[in-house]
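Here is a short tour of one protein chain, written for someone who is new to reading structures. Keep the 3D view open and click along as you read.

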Amino acid sequence: MPQTIHVAIDDAIATITLNRPERLNAYTVQMGVELYTSLQELERNDAVRVIIVTGAGRAFCAGMDLERGGDAFAAEGQFDPVRELEAAVHPWNFGKPVIAAINGAAVGIGATWPLSWDIRLAAESARIGFVFARRGILPEAHSTWILPRLVGMSVAMELMLTGRIIDAQEALRIGLVSRVVPDASLMTEARALALDIARNTAPVSVAVTKKLLWRQLMESDPRRAKAREDALFAWAGKQPDAAEGVRAFMEKRQPRWTMSAFNDGPPDLEPLK
């Protein structure tokens, strides 16, 4: 049973709540292991279509727990248990959509974790900071690769070299989050978005589209990108969900999808290590 997170499943939506509110949900290795393990379990669960991650209390995640003082980052091998689990939840390998519902402080890993997820919503109270340079350490969690692709190199440089905290409206302006909502509406908005995906889209279409978007970020040759896209389009058109989607549209009814996002993906998108 997880001790640092809480997982609830309702109406095809899994909500993971970082659950150390007395420490502003500060990160520990145990939290990392529990989060990544839970994500893997939810990926295999066909009853779950979308995952929301948020924080308990008044913060999303205040970064690494610094209770150990100057040795907080120094213990040899302390992050190895997390790194062993990371590859399976890299966004280009992970098919379930993940929505970050960012409430309050999101700094350090609280800012970099959501970069690897797919949609970021911010409460008006959100304060986001890539504060690594102010702690004498370096950014992590793919952030040096993902952040420039989200906000551009110049803005990414400013955020990471200064380590300054930005508010929700600035995060929206630079494209770091897709919308800002009142604090009281954050989870309502996140669930509405998740339910739209869960009720109106095909699981395999969403999983392959998500992985394809992430992998196309790695592709430098537009011809190879187009060839991959064309091959996957041709594959999808031959699958039972494509026929069902058309039939349902013509018959003016809800589709009955039969394919599994975890088990029925195309061979072209094998996991990348």
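The accessible surface of the chain comes to about 13,600 Å², and carbon and sulfur atoms own 55% of that area. Keep in mind that you are looking at a predicted model.

**The whole chain**

Ten helices and ten strands make up the list of elements here. How compact is the chain for a globular protein of its length? Its radius of gyration is 19 Å, close to the 19 Å that the globule rule gives for 273 residues, so the chain is as compact as a globular protein of that length.

Of the 273 residues, 48% are buried. Now think about who touches whom: among contacts with a separation of 6 or more, 72% are between residues 24 or more positions apart. As for charge, there are 31 positive and 33 negative side chains, and the centres of these two sets sit 4 Å apart.

**A loop with two buried residues**

Let's zoom in on the loop between β2 (13–18) and α1 (29–43), which is where you'll find R20. Is R20 buried or exposed? R20 has a relative accessibility of 13%, under the 20% cut-off, so R20 counts as buried. A polar atom of the R20 side chain lies 2.8 Å from the backbone oxygen of A26. Skipping residues up to four places away in sequence, R20 touches T4, N25, A26, T28, M31 and D65.

One of those partners, N25, lies in the loop between β2 and α1 as well. N25 counts as buried because its relative accessibility is 0%. Its backbone is worth a look too: the phi of N25 is positive, near 60°, and N25 is not a glycine. Why point that out? Most residues other than glycine have a negative phi.

A12 is another case, with a positive phi of about 70° although A12 is not a glycine. You'll find A12 in the loop between β1 (5–10) and β2.

**Helix α4 and what covers it**

Next, hop over to helix α4, which spans residues 143–151. Which of its residues are buried? They are S143, I146, L147, P148 and V151. In an α-helix there are 3.6 residues a turn, so residues three or four places apart point the same way.

Just after α4 comes G152, with a positive phi of about 90°.

| Residue | Relative accessibility | Class |
|---|---|---|
| R127 | 39% | partly exposed |
| D268 | 44% | partly exposed |
| G57 | 59% | exposed |

R127 belongs to strand β8 (residues 127–129). A polar atom of its side chain is 3.2 Å from the backbone oxygen of E124. Leaving out neighbours within four places in sequence, R127 has contacts with G104, A105, A106, V107, I165, I166, D167 and A168. Another pair to click on is R127 and E170: they are 43 residues apart along the chain, and their C-alpha atoms are 9.6 Å apart.

D268 sits in the segment after α10 (240–251). How far apart in space are D268 and R228? They are 40 residues apart in sequence, with 8.1 Å from C-alpha to C-alpha.

G57 is in the loop between β3 (50–55) and β4 (59–61). At 59% relative accessibility, G57 is over the 50% cut-off, so G57 counts as exposed. Beyond its neighbours within four places in sequence, G57 is in contact with P21 and N103. G57 and V131 are 74 residues apart in sequence, and 22 Å lies between their C-alpha atoms.

Conventions:
Residues numbered from 1 in each chain as written. Predicted model: local features only at pLDDT ≥ 70, side-chain atom pairs only at ≥ 80, totals over all residues. Heavy atoms only, no water. Helix = DSSP H or I, 4+ residues; strand = E, 2+ residues; numbered from the N terminus. Rg over C-alpha atoms; globule rule 2.2 N^0.38 Å. Buried < 20%, exposed > 50% of the residue type's maximum accessible area, 1.4 Å probe, protein only. Contact = heavy atoms within 4.5 Å. Areas by Shrake-Rupley, 256 points an atom, 1.4 Å probe, with all protein chains shown as cover. Lys, Arg positive; Asp, Glu negative; His and termini not counted. Charge placed at Lys NZ, Arg CZ, Asp CG, Glu CD. Polar contact = N/O pair within 3.5 Å; in protein donor to acceptor, adjacent residues only side chain to side chain.
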